[in-house]
Amino acid sequence: MRIKCILIDDEPFALEILEDDLLDFKEVEVLGKFTNPHTALDFLHDNQVDLIFSDIQMPEMLGTDLLRNLKKPPLFIFTTAYQQYALEGFELNAIDYLMKPIRKERLAQAIEKVKNQMDLMAGQGTISSEDSITITVEYKKVKLLYNEILYIEGLKDYVKIHLKNRVHPVLTRSNLKGMENRLSEASFERIHNSYLVNKSQVTSFNKSSLFIGETELPIGKSYAEDLNL
């Protein structure tokens, strides 16, 4: 596997250090280094990369704004000395967030996340976007197939996605309404203020509750009349 990447930082010395550290990873190929995010955007217009390492606090453009300007962004790792940007990086689906000075072991962990995600995307490359949803789990973008999902549980600003053949659900930052809007109405249905179910996984139901295997979920009164399972 080759990971083609570019490095963006307004400090040339920081770029040199990061490039030097990346020499330890034979699978990583640095295609370019940029001190100006606008120049990097010009490069990305004509070249395809797998990964971007970007500083956040830059005078020409914030790294977070750079990511927002990309219609189809590659995997993204923020490198910064400012911890306060971590939550924003999470919300923008960055795969990792490295604090300067970057330790070699943390860089190795970040590269491993990139490799795992690229393997996942390669293995599911033939899956239609209409049959899957991509979420962020611990800074990694993860694609879930509809037929893996049993039901989704809302927890204020997060949701738990309960999956087949997994003991523990995955947690991602979203509210249930936002998740509902991203999923196919033909495949998923809201049954309660706190639950969204995969209709193909429902094994039985009545007016007040339904079962997915041995798991019983309540049906809210306001949802019961319009239920289409």
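**Close-up 1. Leu 7 has its bridge partner, Phe 53, in strand S3.** Keep in mind that this is a predicted model.

**Close-up 2. Five strands make up an open sheet.** Read across the sheet and the order goes S2-S1-S3-S4-S5, with the strands paired in parallel. What stands at the edges? That's strand S2 (28-34) and strand S5 (96-99). Each of these two has a single partner strand, so one side of each is left with no neighbour in the sheet. Going from one strand to the next, the twist averages 20°.

**Close-up 3. Two helices lie across S1, S2 and S3: here's H1, and here's H2.** Helix H1 covers residues 12-22 and runs at about 170° to S2. Helix H2 covers residues 37-46, and its angle to S1 is about 155°.

**Close-up 4. Helix H1 has a buried side and a face turned away from it.** Which residues of H1 are buried? They are Ala 14, Leu 15, Leu 18, Asp 21 and Leu 22. Look down the axis of H1 and these buried residues fall within an arc of 130°, so they line one face of the helix. Now check out the face turned away from the buried side: Pro 12 and Phe 13 sit there, and both are exposed. For this view, buried means under 20% relative accessible area, while exposed means over 50%.

Notes:
Residues are numbered from 1 along each chain as its sequence is written. This is a predicted model: local features need pLDDT of at least 70, side-chain atom pairs count only at pLDDT 80 or more; totals for chains, interfaces and linings use all residues. Side-chain values use heavy atoms; hydrogens and water are left out. Two strands pair if DSSP finds at least two bridges between them. Helices (H or I, at least four residues) and strands (E, at least two) are DSSP runs, numbered from the N terminus. Axes are lines fitted to C-alpha atoms, for helices over the stretch in contact, and angles run from 0 to 180 degrees between N-to-C directions. Contact means heavy atoms within 4.5 Å. Buried means under 20% relative accessible area, exposed over 50%, partly exposed in between (1.4 Å probe, protein chains only). The arc is that of the directions from the helix axis to the C-beta atoms.
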